[in-house]
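Here is a short report on covalent and charged links in one protein model. Have the sequence at hand while reading.

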Amino acid sequence: MNLRSMGICAVLCVPLLSQAQGMAPTLHPETFCPLGAKMGMATGPFDKVDFPGCSSPPKAVTANRGHSGLQNTLAFYSMSQPDKVQQLEYLSLLLNVNNPQEAKGAYAALMPAATTLSTQVLGEIPKGLEQAIMAGQSKSWKLRGWRAELKRKEFSPASNGHQLTYRLYGVLSRNRRKFRQPINVACPAPGRWGRPNSRVTSRHFDHGNASRTSRPDCSGLDEAD
């Protein structure tokens, strides 16, 4: 390698190596918040005092509303553990497919966000992630101290659609206790984090994986609620 090549590598190689190494799950939840802007979903604090972390307002990713009166929406979360609020519980991209007729368009919108999040955090894209997203199927992986999970959950009735959530958990949080959220919970009003909104129905939330005091994913909310 000549001197010129060494000089170029000194500028370019270090950032590439850093990106390939990814990010540690031991970082503070707020460290991951700038990733929202990289995916086109700028974040604000979810609850600065009780649950350090962040969330983005739900972003409409297709044009038409489903039977529920809601569009297909995507939101990003970086959430702390309920009992150790300075530690990350999960990073989440939550896609609410409220209009199943436009599901493929919604999946296509989740794809670049999921690949960007994977590249930035894991340093790589999990094998088969793109195919699983476009098929709307659940799948899981273990990489670099993280557990990646793509999970599908049907709304009730099923004609109202489903959620497709891509989450990154630190390996230490993989044994979290499962708890079914109550049907009605308080969520931030759209575009305002940490403020209670009116009571909403259970279809907005991923009940199966929430800890007893963890926050619901509220990205199904929009101005129509």
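## The disulfide

In this predicted model, a disulfide joins Cys33 to Cys54, with an S to S distance of 2.2 Å. The structure holds 1 disulfide. The pair links distant parts of the chain, 21 residues apart. Cys33 sits in the loop between helix H1 (3-21) and helix H2 (35-38). Cys54 belongs to strand S2 (residues 51-55).

The angle about the S-S bond is -110°, and the link of Cys33 and Cys54 is left-handed. Cys33 and Cys54 are both buried.

## Strand S2 and its partner

The strand that carries Cys54 has 5 of its 5 residues buried, so S2 is largely enclosed by the rest of the structure. Phe51, Gly53 and Ser55 point one way from S2. Pro52 and Cys54 point the other way. Residues on both sides are buried.

S2 pairs with strand S4 (residues 73-80). The sense is antiparallel, over 3 bridges. Ser55 has Tyr77 as its bridge partner in S4.

## Salt bridges

The whole structure has 3 salt bridges. One of them pairs Arg144 with Glu124, with the closest N and O atoms 3.1 Å apart. This pair also links distant parts of the chain, 20 residues apart. Arg144 is in the loop between S6 and S7, while Glu124 is in the loop between helix H3 (103-121) and helix H4 (129-135). Arg144 is partly exposed, at 47% relative accessible area. Glu124 is partly exposed too, at 30%.

Arg147 forms a salt bridge with Glu149, the closest N and O atoms being 3.4 Å apart. Here Arg147 is buried at 13% relative accessibility, and Glu149 is buried at 15%. Buried means under 20%. Another salt bridge joins Arg152 to Glu154, where the closest N and O atoms are 2.6 Å apart. Arg152 counts as partly exposed, at 31%. Glu154 is likewise partly exposed, at 41%.

## Backbone exceptions

Most residues other than glycine have a negative phi, and most peptide bonds are trans. Which residue has a positive phi although it is not a glycine? Arg144 does, with a value of about 50°. Its loop runs between strand S6 (139-143) and S7. Arg144 is also the salt-bridge partner of Glu124.

The peptide bond from Ser156 to Pro157 is cis, with omega near 0°. Pro157 lies in the loop between strand S7 (146-154) and strand S8 (162-170).

Conventions. Residues numbered from 1 in each chain as written. Predicted model: local features only at pLDDT ≥ 70, side-chain atom pairs only at ≥ 80, totals over all residues. Heavy atoms only, no water. Disulfide = S-S within 2.5 Å. Helix = DSSP H or I, 4+ residues; strand = E, 2+ residues; numbered from the N terminus. Buried < 20%, exposed > 50% of the residue type's maximum accessible area, 1.4 Å probe, protein only. Pairing = 2+ DSSP bridges. Salt bridge = Lys/Arg side-chain N within 4 Å of Asp/Glu carboxyl O.
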